[in-house]
Amino acid sequence: MDTREKIMDAALMLFSKKGYIGATTREIAGNAGVAEVTLFRHFSSKEKLFEEVINTYSFLPALKGLLPSLKNMDYTDALSELAGRFLERLSERKELIRIMHAEIHIYPAKVREIYHNFIDELFRTLASYFRELQLKKVLRDFSPEIGAGAFLGMFFSYFNSKELLLRKDIAAMDSAAVINEFVNIFTRGTLK
């Protein structure tokens, strides 16, 4: 593992435990086994480090890697695969998501902008998949961006209820059954 990866791993761990505000660059560098000046050689600011952590460890790179294979799958199967991977990544990053949602209102404007830009890019990436299927006349006419938000939003709401709000009734549900039901609802509203 190179120095940059060590710094990012340490940052992910500390942002997940202490939040953006609580994690200091000195502490991140110490956990990575480097001097703070070395951290700043790789990342010009704490904001840039946070942005790189979000862009590297979020669902976005997984989605971009998944899209080519989704194009060769049945629409329902593709959405089920996408949903399963999305929920898996959310669960892996549960602590980071929990702390970000708890303190987003106190983040500096630049950090909130990084977070919102990430969400926008995630929606645009999924929207490109829907748009392509619309051009192939597989899907009806709808806003691909709104569709992407609706699709990911269903699963984020489920994750939020289960993992962050700790609702026992939701936690008792079988994730595969939830994915199947949500995908069926979504496909009935989007297929031609």
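**Exercise 1. Decide whether glutamate 163 is buried or exposed, and describe its salt bridge.**

Glutamate 163 has a relative accessible area of 16% and is therefore buried, since buried means under 20% relative accessible area, exposed over 50%, and partly exposed in between, with a 1.4 Å probe and protein chains only. Before going on, note that this is a predicted model, in which local features need pLDDT of at least 70 and side-chain atom pairs count only at pLDDT 80 or more, while totals for chains, interfaces and linings use all residues. Residues are numbered from 1 along each chain as its sequence is written, and side-chain values use heavy atoms, with hydrogens and water left out.

The next step is to find the partner, which is lysine 94: the closest N and O atoms of this salt bridge are 3.1 Å apart. The term salt bridge stands for a side-chain nitrogen of Lys or Arg within 4 Å of a carboxyl oxygen of Asp or Glu. The pair links distant parts of the chain, for lysine 94 belongs to helix α7 (residues 94-103) and glutamate 163 to helix α9 (residues 144-164), 69 residues apart. Helices here are DSSP runs of H or I with at least four residues, strands are runs of E with at least two, and both are numbered from the N terminus. Finally, lysine 94 counts as partly exposed, because its relative accessibility is 23%.

**Exercise 2. Work out how glutamate 121 and arginine 124 are placed in their helix, and which network they belong to.**

Begin with the helix: glutamate 121 and arginine 124 are three residues apart in α8 (residues 109-135), so about one helical turn separates them. They form a salt bridge whose closest N and O atoms are 2.8 Å apart. Glutamate 121 is partly exposed at 24% relative accessibility, and arginine 124 is partly exposed at 44%.

A further pair is arginine 167 with aspartate 169, where the closest N and O atoms of the salt bridge are 2.5 Å apart. Arginine 167 is partly exposed at 38%, as is aspartate 169 at 42%. As for the network, salt bridges that share partners join Lys64, Glu121 and Arg124 into one. In the whole structure, the search finds 14 salt bridges.

**Exercise 3. Describe the interface of domain 1 and domain 2, starting from the residues in contact.**

First, take the bounds: the domain assignment, which is automatic or from a database, gives domain 1 (3-55) and domain 2 (60-190). The contact, meaning heavy atoms within 4.5 Å, takes 13 residues from domain 1 and 15 residues from domain 2.

Second, consider the area: the two domains bury about 1300 Å² between them, 78% of it on carbon and sulfur atoms, where buried area is the accessible area (1.4 Å probe) that two parts lose on being put together, summed over both. Across this interface the rule finds zero salt bridges.

Third, look at the side of domain 1 that touches domain 2, to which α1 (3-22) and α4 (46-57) are the elements that give two or more residues. The largest share of that side, eight residues, comes from α1.

**Exercise 4. Locate asparagine 72 and state whether it is buried or exposed.**

Asparagine 72 lies in the loop between α5 (59-70) and α6 (75-92). Its relative accessible area is 70%, so asparagine 72 is exposed.
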